[in-house]
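Subject: Structure for you to look at

Hello,

Here is the structure I said I would pass on. Please open it beside this email and follow along; my notes come after it.

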Amino acid sequence: MSRFACDGGHSLADLSRKVGRNAAYLQQYIARGTPQRLPEVERRMLAIIFDVDERLLGARDPWVPKR
């Protein structure tokens with residue numbers, strides 16, 4: 001996920017806020033593994049922001065961008 005953030009010019013703090021969490025949320029997810037799995041709604045929002053197939057972020061029933 002940090003690769004998508006860096007490539008897209010997003011900070012983890014900004015992305016955390018966009019999914020409705022505190023600024024440290026995604027940093028904690030990457031560094032400490034908390035939570036162990038991103039909730040579906042947050043994962044889908046990140047897939048839409050990054051414009052990627054949601055499976056790249058661990059989804060089983062993904063949101064897929066229209067191309």
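Asp14 is partly exposed, with 38% relative accessible area; here buried means under 20%, exposed over 50%, and partly exposed in between, computed with a 1.4 Å probe on protein chains only. Asp14 forms a salt bridge with Arg17, and their closest N and O atoms are 3.0 Å apart. A salt bridge is a side-chain nitrogen of Lys or Arg within 4 Å of a carboxyl oxygen of Asp or Glu. Side chains of opposite charge can pair when their charged atoms come close. Asp14 and Arg17 are separated by about one helical turn because they are three residues apart in helix H2. Arg17 has a relative accessibility of 48%, so Arg17 also counts as partly exposed.

**What kind of model this is**

The model is predicted: local features need pLDDT of at least 70, side-chain atom pairs count only at pLDDT 80 or more, and totals for chains, interfaces and linings use all residues. Residues are numbered from 1 along each chain as its sequence is written, and side-chain values use heavy atoms, with hydrogens and water left out. The average pLDDT of the chain is 86, and 87% of the residues score at least 70; pLDDT is the predictor's confidence in each residue, from 0 to 100. Helices (H or I, at least four residues) and strands (E, at least two) are DSSP runs, numbered from the N terminus.

**The other salt bridges**

By the rule above, there are six salt bridges. Arg21 forms one of them with Glu42, with the closest N and O atoms 2.5 Å apart. This pair links distant parts of the chain: Arg21 lies in the loop between H2 and H3, Glu42 lies in helix H4, and they are 21 residues apart. Arg21 is partly exposed at 37% relative accessibility, whereas Glu42 is buried at 7%.

Asp53 lies in the segment after H4. Its side chain meets that of Arg55 in a salt bridge, at 2.6 Å from N to O. Asp53 has a relative accessible area of 17%, so it counts as buried. A network of salt bridges links Glu40, Arg43, Arg44 and Glu54.

**The nonpolar core**

Which residues make up the largest nonpolar core? There are twelve: Leu12, Leu15, Val19, Tyr25, Leu26, Tyr29, Leu38, Leu46, Ala47, Phe50, Val52 and Leu57. Helix H2 (12–18), H3 and H4 are the elements that give two or more residues to this core. A nonpolar core is a set of buried Ala, Val, Leu, Ile, Met, Phe, Trp, Tyr and Cys residues joined through side-chain atoms within 4.5 Å.

**Helix H3, side by side**

Tyr25, Leu26 and Tyr29 are buried in H3. They are on the same side of H3 because they cover an arc of only 95° around the axis, the arc being that of the directions from the helix axis to the C-beta atoms. The buried residues of H3 pack against H2 and H4. On the face of H3 turned away from its buried side are the exposed residues Ala31 and Arg32.

**A buried serine**

Leaving aside neighbours within four places in sequence, Ser16 is in contact (heavy atoms within 4.5 Å) with Arg21, Asn22, Ala23, Ala24, Tyr25 and Leu26.

**Backbone points to check**

Just after H3, Gly33 has a positive phi of about 75°. The peptide bond from Thr34 to Pro35 is cis, with omega near 0°. Pro35 is in the loop between helix H3 (25–32) and helix H4 (40–50). Where is Asp51 found? Asp51 is in the segment after H4. Asp51 is not a glycine, yet it has a positive phi of about 55°. Asp51 counts as partly exposed, at 35% relative accessibility.

Regards
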